[in-house]
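Please walk me through this protein.

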Amino acid sequence: MSAIIYVEGGGNRNSDRVRCREGFRKLFEKSGFEGRMPRLVACGARSDAYDDFKTAHAKAAHSDFIGLLVDSEDAVADPEKTWQHVGQRPGDNWPRPNGANDEQLLFMTTSMETWIITDRAALTGYFGPNFKVAALPPVRDMERRHRRAILGALENASSDCPAPYRKGPRSFELFSKLNPDALEQHLPSFRRARRILNQKL
């Protein structure tokens, strides 16, 4: 059996895609998957990740696990009905590929910044003493908050730091420092991804 996960992120530059894979790899290893890691493919844009997933899914053997990990972009009505979410969401309208199931589609709800902003210890350790933790929203119901509000809060909280938060390479550096137990405590999307991967890998 082979396992591959197509990941949203990394942009168009190869160096950024390498950083993206590395950030996710380190988080997955700390989540208990060291020694049984899937192959991670950083695809850049969200739609490109979906297209790459469709191609790989169509060619996969029955025993293979082909996964897609993307931002949900919006709050999810039913976390277990992931294809329904992207099928009905304006701007996506992604049809479920033939034979694909909901466990193959994993979400960062609502964005990767939601996962990042949840681990306050990692943020403080990364940005240093000028990071304004008090400027962040409470971790309760984090997956109901709008992705732009989350990004704005991260940018504001780090605005006095030597290297404020920006999407891109800094995101993946932070990903590598996240504590999966902190994410699991507060984020249903992370708990779901960890549970499914534990079953599949």
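**A guided walk through the model**

Arginine 145 is partly exposed, because its relative accessible area is 27%. Here buried means under 20% relative accessible area, exposed means over 50%, and partly exposed is in between, with a 1.4 Å probe and protein chains only. The residue sits in the loop between helix H5 (120-127) and helix H6 (147-157). Helices (H or I, at least four residues) and strands (E, at least two) are DSSP runs, numbered from the N terminus. Compare arginine 145 with valine 133: they are 12 residues apart in sequence, and their C-alpha atoms are 17 Å apart in space.

A word on the source. This is a predicted model, in which local features need pLDDT of at least 70 and side-chain atom pairs count only at pLDDT 80 or more, while totals for chains, interfaces and linings use all residues. Residues are numbered from 1 along each chain as its sequence is written, and side-chain values use heavy atoms, with hydrogens and water left out.

Now turn to strand S1. Five of its five residues are buried, so S1 is mostly covered by the buried cut-off. Ala3, Ile5 and Val7 point one way from the strand, and Ile4 and Tyr6 point the other way. Both sets are buried.

Which strands does S1 pair with? Strand S1 (residues 3-7) runs parallel to strand S2 (residues 39-42), and four bridges join them. Two strands pair if DSSP finds at least two bridges between them. Valine 7 has alanine 42 as its bridge partner in S2. Between these strands the chain passes through H1, and this β-α-β crossover from S1 to S2 is right-handed. Right-handed means that, with the strands pointing away from the viewer, the path from the first strand over the helix to the second runs clockwise. Tyrosine 6 stands opposite valine 41 in S2. S1 also pairs with strand S3 (residues 65-71), again in the parallel sense, over five bridges. There, valine 7 stands opposite leucine 69.

Most residues other than glycine have a negative phi, and most peptide bonds are trans. Glutamate 73 has a positive phi of about 75 degrees, although it is not a glycine. Glutamate 73 lies in the loop between S3 and helix H3 (82-88). Is glutamate 73 buried or exposed? It counts as buried, because its relative accessibility is 14%. Asparagine 93 is not a glycine either, and has a positive phi of about 55 degrees. Look for asparagine 93 in the loop between H3 and S4. A cis peptide bond joins threonine 109 and threonine 110, with omega about 0 degrees. Threonine 110 is in the loop between strand S4 (105-108) and helix H4 (112-118).

Helix H9 covers residues 188-200. How far apart should the ends of its 13 residues be? The expected span is 1.5 Å times one less than the number of residues. At 1.5 Å a residue, H9 should therefore span 18 Å, and its end C-alpha atoms are 18 Å apart, which agrees. Ser189, Phe190, Arg192, Ala193, Arg194, Ile196 and Leu197 are buried in H9.

Now for the empty space. Rolling a probe the size of a water molecule over the atoms shows where empty space is left. On a 1 Å grid over the protein atoms alone, a cavity is a set of points where a 1.4 Å probe fits but cannot get out; a pocket is an open set with protein on both sides within 12 Å along at least five of seven lines; lining residues have an atom within 4 Å of a point. Grid points are joined across faces, edges and corners, and a volume is the space filled by probe spheres set on the points.

A search of the whole structure finds one cavity of 30 Å³ or more. The lining of the largest cavity is Phe28, Ser31, Phe33, Trp115, Phe190, Ala193, Arg194 and Leu197. Helix H1 (14-33) and H9 are the elements that give two or more residues to this lining. H9 gives the largest share, four residues.

The largest pocket holds about 270 Å³ of space. It is lined by 14 residues, and the closest to its centre are His57, Ala61, His62, Asp64 and Gln104. The second largest pocket has a volume of about 160 Å³. Of its 13 lining residues, Gly9, Gly10, Met112, Lys167 and Phe172 are the closest to its centre. Helix H7 (residues 169-175) gives the largest share of that lining, three residues.
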